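Keep the sequence and the 3D view open as you read.

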Amino acid sequence: AELFEALAKSAVEWHLESLSAQGLATTIWAFAKAGLTDHNKLFTAFAKSILQRGINDFNSQDIAHTAWAFAKACHSDRELFGVLAQSAGRFLQEFNAQDLMNTAWGFAKVGHSAPELFAGIAGALRDRR
């Protein structure tokens, strides 16, 4: 935990744009998983980085990890979740069941209404039965 605390304090100075989509999503997930959810500056920097770079290179797991991590941190960024919803909706068939559920949970947890995404997730899960 001390390592993540130290990293969180310096993370806003990192060159986040140099990370791959997977690297960025996994980094965000790791901070949330480690319980560093009270670092508003950190998650704001993560959101800003994602919005500046775009998420065209994010895959389904990157989107799911990002939505889950921001929700775990109780960091609801309306613009970020809007971009995540739009991107996720384009390729829901590529999500595995866990990624679908983590994405749905993330949106529900932060209270971001995304009816088309939720309908798409429900349909994707229904199609897998």
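A residue is called buried when its relative accessible area is under 20%, exposed when that area is over 50%, and partly exposed in between, using a 1.4 Å probe and counting protein chains only. Phe-43, with a relative accessible area of 1%, is therefore buried.

Before going further, know that this is a predicted model, in which local features need pLDDT of at least 70, side-chain atom pairs count only at pLDDT 80 or more, and totals for chains, interfaces and linings use all residues. Residues are numbered from 1 along each chain as its sequence is written, and side-chain values use heavy atoms, with hydrogens and water left out.

**The overall picture**

A contact means heavy atoms within 4.5 Å. Taking the contacts with a separation of 6 or more, 72% are between residues 24 or more positions apart.

Helix H5 covers residues 78-90, which makes 13 residues. From its first C-alpha to its last it reaches 19 Å, close to the 18 Å expected at 1.5 Å a residue; the expected span is 1.5 Å times one less than the number of residues. Its buried residues are Leu-80, Phe-81, Leu-84, Ala-85, Ser-87 and Ala-88. What do they pack against? Their partners are helix H3 (40-53), helix H4 (60-72), helix H6 (97-110) and helix H7 (115-127).

Now for H6, whose 14 residues should span 20 Å at 1.5 Å a residue; the end C-alpha atoms are 20 Å apart, which agrees. Among the buried residues of H6 are Asp-99, Leu-100, Asn-102 and Phe-107, and the buried residues of this helix pack against H4, H5 and H7.

Take Ala-104 as an example from helix H6. Its relative accessibility is 16%, so Ala-104 counts as buried. Leaving aside neighbours within four places in sequence, Ala-104 is in contact with Phe-118 and Ile-121. The C-alpha atoms of Ala-104 and Phe-118 are 6.7 Å apart, although 14 residues separate them along the chain.

After H6 comes Gly-111, which has a positive phi, near 75 degrees.

**A spot in a loop**

Where is Leu-36? Look in the loop between helix H2 (21-33) and H3. Leu-36 has 3% relative accessibility, so this residue counts as buried.

**Ring pairs**

Rings of Phe, Tyr and Trp (its six-membered ring) pair if their centres lie within 6.5 Å; planes under 30 degrees apart count as stacked, over 60 as edge-to-face and the rest as tilted. The structure holds seven aromatic pairs. Here are two of them:

| Pair | Centre to centre | Angle between planes | Kind |
|---|---|---|---|
| Phe-43 and Phe-70 | 5.4 Å | 85 degrees | edge-to-face |
| Phe-91 and Phe-95 | 5.9 Å | 40 degrees | tilted |

The pair of Phe-43 in helix H3 and Phe-70 in helix H4 links distant parts of the chain, 27 residues apart. Phe-70 is buried because its relative accessible area is 0%. In the other pair, Phe-91 counts as buried at 15% relative accessibility, and Phe-95 counts as buried at 1%. Ring pairs also join Phe-31, Phe-43, Phe-46 and Phe-70 into a cluster.

**One salt bridge**

A salt bridge is a side-chain nitrogen of Lys or Arg within 4 Å of a carboxyl oxygen of Asp or Glu. How many does a search of the whole structure find? The search finds one. In it, the side chains of Arg-53 and Asp-57 meet at 3.1 Å, N to O. Arg-53 has 28% relative accessibility, so Arg-53 counts as partly exposed, and Asp-57 counts as partly exposed at 46%.

Key
Helices (H or I, at least four residues) and strands (E, at least two) are DSSP runs, numbered from the N terminus.
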